[in-house]
Amino acid sequence: MRASILTAARDLFVTEGYANVSIRKVAERIEYSPAAIYSYFPGKDDIFFALATEGFQRLDNAIKDAAGDADPMQDLRNCWWAFYQFSKDQREFFHLMFVDRSVPAITEQWQGFGLLQQMIGRVALRIQRSIDAGQLPAELNPQMALHVLWAAMTGPAVLGCTCRLAPGEDCDALARDVLETTIAGLRAGTRLSFVPCHPAHEACTTLATPTGVTSHEG
């Protein structure tokens, strides 16, 4: 029953937009009463956070599976390519986690925040490996570089999952070019001005939808 609720809600959230879906709509999709859904989830936001937990776990597993190359820089490339590939293989989850601006903000009050911070920490360590190997400048801040790479790779991922490229244009080729161009800029010592929040800061959100939306119910 719980799995059916999550699957139905995920499909509805993506096709109709989070703000336009109510508990009643989810109930109608699986032919159960709204009361039955409330026995599993107190509200619509709780369904989203359950989906977000699953989505970030899947993304973390994909990044872990891409690890292991002996060359730190190639290992870093594999990490970010796994992020891009996730947007293709898990399009519905990617849309909810990174595209739909109406979903609740992911903050440290979220139960899965610890998992997300661990994932971010592991990616930052992979950047630090490249710094230690002399493949990136010694003065580069791994958290700053992480955010720059994340922003860069989100671009082709969103273009691909929302079908914004013209027919015949290769999104994979664009993603490769973006990744290599960003890495080249970091290696060249491009001065970065973005300052990431400390993970524990209550005002910080993380690698999710950049909105101030915190509560929705329907």
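Modeller: A polar contact is a pair of N or O atoms within 3.5 Å; within protein, one of them must be able to donate a hydrogen and the other to accept it, and residues adjacent in sequence count only if both atoms are side-chain atoms. This is a predicted model, in which local features need pLDDT of at least 70 and side-chain atom pairs count only at pLDDT 80 or more, while totals for chains, interfaces and linings use all residues. Residues are numbered from 1 along each chain as its sequence is written, and side-chain values use heavy atoms, with hydrogens and water left out.

Colleague: With which side chain does the side chain of Arg77 make a polar contact?

Modeller: Arg77 lies in helix H5, helices being DSSP runs of H or I with at least four residues, numbered from the N terminus. Leaving aside neighbours within four places in sequence, Arg77 is in contact (heavy atoms within 4.5 Å) with Leu179, Glu180, Ile183 and Arg187. The polar contact, at 2.7 Å, is with the side chain of Glu180.

Colleague: Is Arg77 buried or exposed?

Modeller: Buried means under 20% relative accessible area, exposed over 50%, and partly exposed in between, with a 1.4 Å probe and protein chains only. The relative accessibility of Arg77 is 18%. Arg77 therefore counts as buried.

Colleague: Which side chain makes a polar contact with the side chain of Asp75?

Modeller: Asp75 is found in helix H5, residues 72-89, and is buried, with a relative accessible area of 3%. A polar atom of its side chain lies 3.0 Å from the backbone nitrogen of Gly68. Residues touched by Asp75, not counting those up to four places away in sequence, include Ala66, Asp69 and Arg126. The side-chain partner, at 3.1 Å, is Arg129.

Colleague: What is the C-alpha separation of Arg191 and Gln74?

Modeller: Arg191 lies in the segment after helix H9 (171-187) and counts as exposed, at 75% relative accessibility. Arg191 and Gln74 are 117 residues apart along the chain, and their C-alpha atoms are separated by 23 Å.

Colleague: How many charged residues has the contact of H7 with H8?

Modeller: Helix H7 (residues 113-132) packs against H8 at an angle of about 110°, with the axes 9 Å apart. Among the residues making the contact are Ile120 and Val123 of H7 and Leu146 and Leu149 of H8. Ala, Val, Leu, Ile, Met, Phe, Trp, Tyr, Cys and Pro count as nonpolar, Asp, Glu, Lys and Arg as charged, and the others, Gly among them, as polar. The contact divides into nine nonpolar, two polar and no charged residues.

Colleague: Is H6 oblique or roughly perpendicular to H8?

Modeller: The axes of helix H6 (residues 91-99) and helix H8 (residues 142-161) come within 11 Å and cross at roughly 125°. That angle makes the relation of H6 to H8 oblique.

Definitions and conventions:
Helix = DSSP H or I, 4+ residues; strand = E, 2+ residues; numbered from the N terminus. Axes fitted to C-alpha atoms, helices over the stretch in contact; angles between N-to-C directions. Parallel < 35°, antiparallel > 145°, perpendicular 65-115°, else oblique.
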